[in-house]
Amino acid sequence: MKGSASIGRKEATDAALMDGAAQFSFRSERGLLIARDLGNAIIGLLVVILLWWGVAELMMFLRGVAFPTPPETLIALWEALMGADINGESIFAHTSASLGRWGQGYFIAMIIGLTLGMAFGTLPRLYDVGMIPVYVFQMIPGLAWIPIAMLIFGLGETATVFIIAMTAIPPLVINTAGGIREVPTVFTRVARMSGKDDSAMFFRVLLPAASLSIINGMRIGLANGWRVLIAAEMIVGVALGLGFSIYMSRYDLDFTSAFVCIVVICIIGLAIEKLLFVSMENRVRHRLGLDREDLM
Amino acid sequence: MTAELRNVSKVFTDPRRGKGLVALKDVSLRVEEGEFLCLVGASGCGKSTTLNLLAGFEAPSQGEVTYQGERVRGPSPDRGVVFQEFSLYPWMSVLQNVMFSLQGKERQEDRAMEQLRLVGLEDFANSRPNDLSGGMRQRVAIARTLAMGPGLLLMDEPFGSLDEQTRRKLDNEVLKLWQRERKTVVFVTHNIDEALMLGTRVVLMSPSPGRIEKEWRIGLPWPRDLSSPEIVGMKAEIISRLQACPCANGAPVSMLGFDEEGT
């Protein structure tokens, strides 16, 4: 092994070519790569903010409406974080109420979705029958769950949690069942050949082999449940929740507060996606041995 | 006699498209104790189907498959398979992969290490399969299958995806294992040289529908010389028979959806 961790990539490459070395090492460029990823993320966010700002200014000019601009919203967000009320409650109360409902709905969805997904994935007949309702439910838009939820539970927390769960379940079932069904035949044949029983087959072969797909379902389910908040909180019956506040803004015309809530929803959603799921997926990828590069 | 196919036919049907394929037609084959049987033939001639029937992954449409006098009803550790494709569990270490196939609970780790030693990979016990080269992966797959202690070793083009150099090296290792362990081996390959270098018997199959064309017993000792007159003669005959069949010029022999070669 030529080179060292203290010289740059270009020098090390040149030196290796000169000396005829087969392998060499150089100073890691990890910092640079992270900085580049961060830079790209910031540019992406700037695109969103500029689009928003452009539309806001255009609407104020064309229609004379008070469209909240990014600076106005950020100031309002800051004030809200400092304790200003939105719809009579602090932003923290709204956020924790929403997170609580979402957590309950998602928890229920996980139990039902994973159980059904595993059953469908292993039993072909059940899959053929059971996937039809799942696809039907998946097609029902968030708002359309409102009458159903009201008829079953009336106004209240339970109805809200129900809507969140119902939108999170289908992707969990689809991805869990699909992941298990797509496990390569050779993997199951190895287990059968060595005389494994059904439970060993399931827990030691099918589940690990399908885990990336299952995580993907968990991720889509989580996002679905979060995005349906506004619809779900329309019938919550209490004046609390991010979705409820956005919904209320159409009555009291406090659009800046609505935008503050939208921003909070986006930030929380992005944080969960990027911090929780990306790291979880990387861990699983690593465990599955899928993160190795062919460079020995 | 170890294993036997008696008048076996295997038909694959696709009910959706309303099409059927006769992969094997009235095939009878006796695998004798301790022999190294090579199945050769063009793709689609039913070599892999024959192997899957012996392994118990497929059931015959007609006829009977037996092992040690008993009808084969499914896969069993008695009949170990080394697969063509990548079959190691990537989420397990090399050692865990071998341990997965061990029968019985006692001294699992020692016994798995012993198998890895046989294929010369004891230093890679804690590596992940994806960190290994193609040749090393197949050696682990062999160790895993041998760990089950099978009486019959079924190998489905085990080195088909490897380069020539590595393939020859692994062929020799398999030969040594066979000579030492006195197992019965059924070895599927499309490589005629490989079959002639290894087998005590070479069975040529031909497609559409899959059947046994001819077989040769080879009494020559190992290592064999590919340029010896007996081998050259057999090779010439096999090649001329292969070219006589319609598949040799690239005509489709298997229908879409019936890819019984397992690709």
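A crossing of two helices is called left-handed if the near helix is turned anticlockwise from the far one by less than a right angle, and right-handed if it is turned clockwise. By this convention, α4(A) and α9(A) cross in a right-handed manner. The structure described here is a predicted model, in which local features need pLDDT of at least 70 and side-chain atom pairs count only at pLDDT 80 or more, whereas totals for chains, interfaces and linings use all residues. Residues are numbered from 1 along each chain as its sequence is written, and chains are lettered from A and ligands numbered from 1 in the order in which they are written.

Helix α4 of chain A spans residues 91-122 and helix α9 of chain A spans residues 198-227; helices (H or I, at least four residues) and strands (E, at least two) are DSSP runs numbered from the N terminus. The two helices pack at an angle of about 140°, with their axes 10 Å apart. Here axes are lines fitted to C-alpha atoms, for helices over the stretch in contact, and angles run from 0 to 180 degrees between N-to-C directions. On the α4(A) side, Trp102(A), Gly105(A), Tyr106(A), Ala109(A), Gly113(A) and Thr122(A) take part, and they meet Phe202(A), Gly221(A), Leu222(A), Gly225(A) and Trp226(A) of α9(A); two residues are in contact if their C-beta atoms, placed from the backbone, lie within 7 Å. This contact of α4(A) with α9(A) has 6 nonpolar, 5 polar and no charged residues, where Ala, Val, Leu, Ile, Met, Phe, Trp, Tyr, Cys and Pro count as nonpolar, Asp, Glu, Lys and Arg as charged, and the others, Gly among them, as polar.

A further helix pair in chain A is formed by α6 (residues 145-153) and α7 (residues 157-181), whose axes come within 9 Å and cross at roughly 135°. That angle makes α6(A) oblique to α7(A), given that angles under 35 degrees count as roughly parallel, over 145 as roughly antiparallel, 65 to 115 as roughly perpendicular and the rest as oblique. The crossing of α6(A) and α7(A) is right-handed. Trp145(A), Ala149(A), Met150(A), Ile152(A) and Phe153(A) of α6(A) make the contact with Thr158(A), Ala159(A), Phe162(A), Ile163(A) and Met166(A) of α7(A). By class, 9 nonpolar, 1 polar and no charged residues are found in the contact of α6(A) with α7(A).

Helices α3 (residues 70-81) and α12 (residues 255-287) of chain A also approach within 9 Å, axis to axis, and cross at roughly 80°. α3(A) and α12(A) are therefore roughly perpendicular to each other. Glu72(A), Thr73(A), Ala76(A), Leu77(A) and Ala80(A) in α3(A) meet Thr256(A), Ser257(A), Phe259(A), Val260(A) and Val263(A) in α12(A). The contact of α3(A) with α12(A) comprises 6 nonpolar, 3 polar and 1 charged residues.

The domain assignment, of a kind that is automatic or taken from a database, divides chain A into domain 1 (2-65) and domain 2 (75-287). The centres of domain 1 of chain A and domain 2 of chain A, taken over C-alpha atoms, are separated by 32 Å. Ala41(A) is located in helix α2 (residues 30-63) of chain A. Ala41(A) is exposed, with 12 other C-beta atoms within 10 Å; a residue is buried if 20 or more other C-beta atoms lie within 10 Å of its own, exposed if 12 or fewer, and partly exposed in between, C-beta atoms being placed from the backbone. Ala41(A) and Ile267(A) are 226 residues apart in sequence and 14 Å apart in space, C-alpha to C-alpha.

The contact between the chains takes 21 residues from chain B and 14 residues from chain A. The side of chain B that touches chain A has 12 nonpolar, 6 polar and 3 charged residues. Val186(A), in helix α8 (residues 185-193) of chain A, touches Phe83(B), Glu85(B) and Ser87(B), not counting residues up to four places away in sequence. Val186(A) is partly exposed, with 16 other C-beta atoms within 10 Å.

Backbone geometry in chain B was also examined. Most residues other than glycine have a negative phi, and most peptide bonds are trans. Ser208(B) has a positive phi of about 55° although it is not a glycine, and a cis peptide bond with omega of about -10° joins Ser208(B) to Pro209(B). Pro209(B) lies in the loop between β9 (201-206) and β10 (211-217) of chain B. Ser208(B) is buried, with 20 other C-beta atoms within 10 Å. The peptide bond from Trp222(B) to Pro223(B) is likewise cis, with omega near -5°. Asn7(B), in strand β1 (residues 3-14) of chain B, has a positive phi of about 45° and is exposed, with 12 other C-beta atoms within 10 Å.
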